[in-house]
Amino acid sequence: MPRPNPIMHARFYHPAEIAIGQLIELSVENKHHAARVLRLKKGDAITLFSGHGGEYSAHIENISKSNTTVLIDAYHDMDCESPLNITLAQAICVNEKMDWIIQKAVELGVTCIQPVSTVRSIVHLSDERSSKRLQHWQKIIISACEQCGRNHLPQISPLITLPEWLSQKKTTQSAHDLSFMLSTTATESLKNIPQPPVSAHIALVIGPEGGFTQEEEIAILHTGFIPVRLGKRILRTESAALAAISALQTLWGDY
């Protein structure tokens, strides 16, 4: 549903309950962004969203070094979610590339992101580092939603191995789901795949910088994935997912 006002005000994620007439104090991060980065002033209009759908128009009641409070004016039942339910299983890669993939995948409309470790993954994280990276990725998702206008936060799951994810997928997939693996040896193109029903979940698994091993590809295919390729060129891991998601949105989504 299009917004009634084409002007997009500064948007802030507020995970707690929001109600019309409520006076809300912005978080430390949001306060800093509003005052120091955006240079907002008292009376300026902003938008708040909780990540569960819909958004609230508000205005700044007070802004200072110590705190920034906003008054909630109205609720707007509007969202810009894609009709496609896409899960991206992305082989973990170096920090900058992984951050880029997550940010852009959110902008392109994915529903879920599952980082996976593979045999050829360059990055290997301990449990503690993995937990810190997950928190970092969640912040990237929030920032991407604030920027692109999404009012639902995509889910990102903790890092697991590719075999663990494939095992989980076997127990949850339905007959209507579609699962794709990008492969340089594939002969099928996405444009030749029949459009799935609206209720279908689409899974997309992307390999690391060095690609999947032959054993991993066999395991993925045995889980029901369809090997596809995007044109005749070989894409880097940070390009592959975004190109595939864009193609899915063009064929069956809201592009």
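## A conversation about the predicted model

Analyst: The protein has six helices and 12 strands. Please bear in mind that this is a predicted model.

User: How many residues does the protein have, and what percentage count as buried?

Analyst: Of the 255 residues, 46% count as buried. Along its principal axes, the C-alpha trace spans about 60 × 40 × 35 Å.

User: And what about contacts between residues at least 6 apart in sequence, how many of those join residues at least 24 apart?

Analyst: The share is 74%.

User: Within it, in which sense do strand 3 and strand 4 pair?

Analyst: Strand 3 (residues 45-49) and strand 4 (residues 55-63) pair in the antiparallel sense, over four bridges. One of the residues involved is Ala 45, whose bridge partner in strand 4 is His 59.

User: Where does Arg 39 lie?

Analyst: Arg 39 is in the loop between helix 1 and strand 3. Although Arg 39 is not a glycine, it has a positive phi of about 55 degrees.

User: Buried or exposed, that Arg 39?

Analyst: Arg 39 counts as exposed, because its relative accessibility is 57% and the cut-off for exposed is over 50%.

User: Now strand 6. How many of its residues are buried?

Analyst: Six of the seven residues of strand 6 (residues 85-91) are buried, so the strand is mostly covered.

User: How many bridges join strand 6 to strand 11, and how many join it to strand 7?

Analyst: Strand 6 is joined to strand 11 (residues 201-206) by six bridges, and the two run parallel. Asn 85, for example, stands opposite His 201 in strand 11. Five bridges join strand 6 to strand 7 (residues 112-117), and these two strands also run parallel. Here Ala 91 has Val 116 in strand 7 as its bridge partner.

User: What does the chain pass through when it crosses from strand 6 to strand 7?

Analyst: The chain passes through helix 2, and this β-α-β crossover is right-handed.

User: Which way do the residues of strand 7 point?

Analyst: Cys 112, Gln 114 and Val 116 point one way, while Ile 113, Pro 115 and Ser 117 point the other way. All of them are buried, and strand 7 is accordingly described as mostly covered, with six of its six residues buried.

User: In what sense does strand 7 pair with strand 8, and what about strand 9?

Analyst: Strand 7 and strand 8 (residues 155-156) pair in the parallel sense over two bridges, with Ile 113 opposite Ile 156. Strand 7 also runs parallel to strand 9 (residues 160-161), joined by two bridges, and Ser 117 stands opposite Thr 161 there.

User: Back to helix 2. At what angle do helix 2 and helix 6 pack?

Analyst: Helix 2 (residues 95-108) and helix 6 (residues 237-252) pack at about 5 degrees, with their axes 9 Å apart. That angle makes helix 2 roughly parallel to helix 6, because angles under 35 degrees count as roughly parallel.

User: Which residues meet there?

Analyst: From helix 2 they are Lys 97, Trp 100, Ile 101, Lys 104, Ala 105 and Leu 108. In helix 6 they meet Thr 237, Glu 238, Ala 241, Leu 242, Ile 245, Ser 246 and Gln 249. By class, the contact has seven nonpolar, three polar and three charged residues.

User: What is Ser 246 in contact with, leaving aside neighbours within four places in sequence?

Analyst: Ser 246 is in contact with Leu 108 and Tyr 255. Ser 246 is partly exposed, at a relative accessible area of 22%. Ser 246 and Gly 109 are 137 residues apart in sequence, yet 9.1 Å apart in space, C-alpha to C-alpha.

Technical notes
Residues are numbered from 1 along each chain as its sequence is written. This is a predicted model: local features need pLDDT of at least 70, side-chain atom pairs count only at pLDDT 80 or more; totals for chains, interfaces and linings use all residues. Side-chain values use heavy atoms; hydrogens and water are left out. Axes are lines fitted to C-alpha atoms, for helices over the stretch in contact, and angles run from 0 to 180 degrees between N-to-C directions. Angles under 35 degrees count as roughly parallel, over 145 as roughly antiparallel, 65 to 115 as roughly perpendicular and the rest as oblique. Contact means heavy atoms within 4.5 Å. Ala, Val, Leu, Ile, Met, Phe, Trp, Tyr, Cys and Pro count as nonpolar, Asp, Glu, Lys and Arg as charged, and the others, Gly among them, as polar. Buried means under 20% relative accessible area, exposed over 50%, partly exposed in between (1.4 Å probe, protein chains only). Two strands pair if DSSP finds at least two bridges between them. A crossover is right-handed if, with the strands pointing away from the viewer, the path from the first strand over the helix to the second runs clockwise.
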